[in-house]
Amino acid sequence: MSTILTEAATEKCSHGGTVTLGPGDGTLTIDGKAAYTAAALPSTSIASCTNTNAPCTNAGDPGAALLTVNKSAVLLADKLTTGPAGAVSLTAVVTGAPTYVTTD
Ligand SMILES: [Zn+2]
């Protein structure tokens, strides 16, 4: 099972950096918070990553494809990854995500 990532959640990279995704898609809301889709990934910013050799700069979600909104894959809280430019492979730390789930 996977938890749908919404604007209610807080995301950090595995080095403690603060991940700021682009806006969620209000077409799908959970507890009044918009779900994040792949459309939010290109405008992701990550601040204060402590991995100075290869700081995280982008995020991805290899599990996102189970559910789409406006033809964009809904991001899953337990699948979100971060990494340096050109690579996303580290599991992000997500807190505050709602308990609603999808099945996979
Ligand atoms: Zn990092």
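This is a predicted model: local features need pLDDT of at least 70, side-chain atom pairs count only at pLDDT 80 or more; totals for chains, interfaces and linings use all residues.
Colleague: Which residue of β11 stands opposite Thr82?

Modeller: β10 covers residues 81-83 and pairs with β11 in the antiparallel sense over 2 bridges. Opposite Thr82, β11 places Leu90.

Colleague: How many helices and how many strands does the protein have?

Modeller: Helices are DSSP runs of H or I with at least four residues. Read along the sequence, the pattern is written with β elements throughout: β-β-β-β-β-β-β-β-β-β-β-β-β. The counts are 0 helices and 13 strands.

Colleague: What radius of gyration does the protein have?

Modeller: The C-alpha trace spans about 40 × 25 × 25 Å along its principal axes. The radius is taken over C-alpha atoms, and the globule rule is 2.2 Å times the number of residues to the power 0.38. For 104 residues a compact globule would come near 13 Å, and the protein agrees with that at 13 Å.

Colleague: Which residues have the most contacts inside the largest nonpolar core?

Modeller: Such a core is a set of buried Ala, Val, Leu, Ile, Met, Phe, Trp, Tyr and Cys residues joined through C-beta atoms within 7 Å. Buried means 20 or more other C-beta atoms within 10 Å of a residue's own, exposed 12 or fewer, and partly exposed in between, with C-beta atoms placed from the backbone. The largest core has 23 residues, and those with the most contacts are Leu5, Ala59, Leu75, Leu76 and Leu80.

Colleague: Which residues does Leu75 touch beyond four places away in sequence?

Modeller: Contact means C-beta atoms, placed from the backbone, within 7 Å. On that basis Leu75 touches Leu5, Tyr36, Thr37, Ala38, Asp61, Ala64 and Leu80.

Colleague: Is Cys49 buried or exposed?

Modeller: Cys49 lies in the loop between β6 (45-47) and β7. Its contacts, leaving out residues up to four places away in sequence, are Cys13, His15, Gly17, Pro55 and Cys56. Because 22 C-beta neighbours lie inside 10 Å, Cys49 counts as buried.

Colleague: What is the phi of Asp31?

Modeller: β4 (residues 25-30) and β5 (residues 33-35) pair in the antiparallel sense over 3 bridges, and Ile30 has Lys33 as its bridge partner. Asp31 is in the loop between these strands and counts as exposed, with 10 C-beta neighbours inside 10 Å. Most residues other than glycine have a negative phi. Asp31 is not a glycine, yet its phi is positive, about 50°.

Colleague: Is Asn70 buried or exposed?

Modeller: Asn70 sits in the loop between β8 (68-69) and β9 (72-73). Its phi is also positive, near 50°. With 9 other C-beta atoms within 10 Å, Asn70 is exposed.

How values were computed: Residues are numbered from 1 along each chain as its sequence is written. Two strands pair if DSSP finds at least two bridges between them. Two residues are in contact if their C-beta atoms, placed from the backbone, lie within 7 Å.
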